[in-house]
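Welcome! Please have a look at the sequence and the model below, and then let us walk through some of its details together.

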Amino acid sequence: METVWLREDAVHFGNLILVNGRHPYWIGKSRGNLVSVNVWDRNALLDRYVVKLLSELMGELDGWKEIAAVSGWRSLREQQELYAESLRENGEEFTRQYVALPNHSEHQTGLAVDLGVRQGEIDFIRPEFPYSGVCQRFRERAARFGFVERYPKGKEEVTGIAHEPWHFRYVGTPHAEIMAEHGMVLEEYIDFLRPYVYGRGCYSYQTGNLDIKVSYLEAEKTGETRLEIDGDAAYSISGNNVDGFIITMWKVRAER
């Protein structure tokens, strides 16, 4: 066994961090690994690894010919300016539905992107991304590459955000696939995993030739959190930005 010590602030790092009206983005996290999504939309920045997966997905569809990256990472200042501008131009009700409060926006994480139909004029806040054509083909393949439609219709009371068919969030695999199969948004997925306490039980999932186990580890209230893990296992750890960590372990299934 290998002992891993997770720093107190590690709960705020990782692909599965929940950022919403109740759980702000931890501003101590530096976003120094940002790159342009593509050569056409240079102002849209995302985490380098997220861009890699998004590019692979778009490559399957030849998607960049018809789809534009409208908005990626935003600094706190940019989010503040966008929120204030929307209040002036669109009013409080519209802004509350479609623009997250500063420090409560997924766009500050570098893990979220707004996509829209590539055309002459694109609405920056509500770009067109229909449930048809290449946009729907993107949506149908998204989970396999670790992306979820973050604010689907019917989940407004859970997410606190209106239906946004253009907003996609990277959570990684197999989490995006599990969420898609169960029809869960990230708030629900975080709660779904709580009973699968690390060391006592796990949620088992199979994809391709991989056997995957996902579990939850509560963070210590103060100080570091101790994790005992099989030193030979392949695993990843993500904070949930709430109260603990999501532990994902996988192994290649033996051929029969």
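Helices (H or I, at least four residues) and strands (E, at least two) are DSSP runs, numbered from the N terminus. The phi angle of N103 is near 70 degrees, a positive value in a residue other than glycine. At 18% relative accessibility, N103 counts as buried; that word means under 20% relative accessible area, while exposed means over 50% and partly exposed lies in between (1.4 Å probe, protein chains only).

A word on the background: this is a predicted model, in which local features need pLDDT of at least 70, side-chain atom pairs count only at pLDDT 80 or more, and totals for chains, interfaces and linings use all residues. Residues are numbered from 1 along each chain as its sequence is written, and side-chain values use heavy atoms, with hydrogens and water left out.

**Asparagine and histidine in loops**

N241 also has a positive phi, about 65 degrees, although it is not a glycine. N241 sits in the loop between β11 and β12 and is buried, with a relative accessible area of 6%. One residue in contact with N241 is H23, which also touches L18, H104 and V242, leaving aside neighbours within four places in sequence; contact here means heavy atoms within 4.5 Å. H23 belongs to the loop between β1 (2-6) and β2 (34-36) and is buried at 17% relative accessible area. From H23 to N240 there are 217 residues in sequence, yet 9.8 Å in space, C-alpha to C-alpha.

**Two pockets**

Next come the open spaces. On a 1 Å grid over the protein atoms alone, a pocket is an open set of points where a 1.4 Å probe fits, with protein on both sides within 12 Å along at least five of seven lines; lining residues have an atom within 4 Å of a point. Grid points are joined across faces, edges and corners, and a volume is the space filled by probe spheres set on the points.

| Pocket | Volume | Lining residues |
|---|---|---|
| Largest pocket | About 420 Å³ | 24 residues |
| Second largest pocket | About 360 Å³ | 27 residues |

Which residues lie nearest the centre of the largest pocket? They are Y170, G172, T173, P174 and S236. The lining of the largest pocket divides into twelve nonpolar, ten polar and two charged residues. Here Ala, Val, Leu, Ile, Met, Phe, Trp, Tyr, Cys and Pro count as nonpolar, Asp, Glu, Lys and Arg as charged, and the others, Gly among them, as polar. A cis peptide bond joins T173 and P174, with omega about 5 degrees, and P174 is in the loop between β7 and α6.

In the second largest pocket, Y98, V99, A100, L101 and I161 are closest to the centre. Its lining has twelve nonpolar, nine polar and six charged residues.

**A buried strand residue and a helix**

S71, in strand β4 (residues 67-71), is buried at 4% relative accessible area. Leaving aside neighbours within four places in sequence, S71 is in contact with H107, A112, V113, D114 and F124.

In helix α4 (residues 133-141), the residues V134, C135, Q136, F138 and R139 are buried. Their cover includes α1, β4, β5 (112-117), β6 and β7. C135 has 3% relative accessibility, whereas C202, at 28%, counts as partly exposed.
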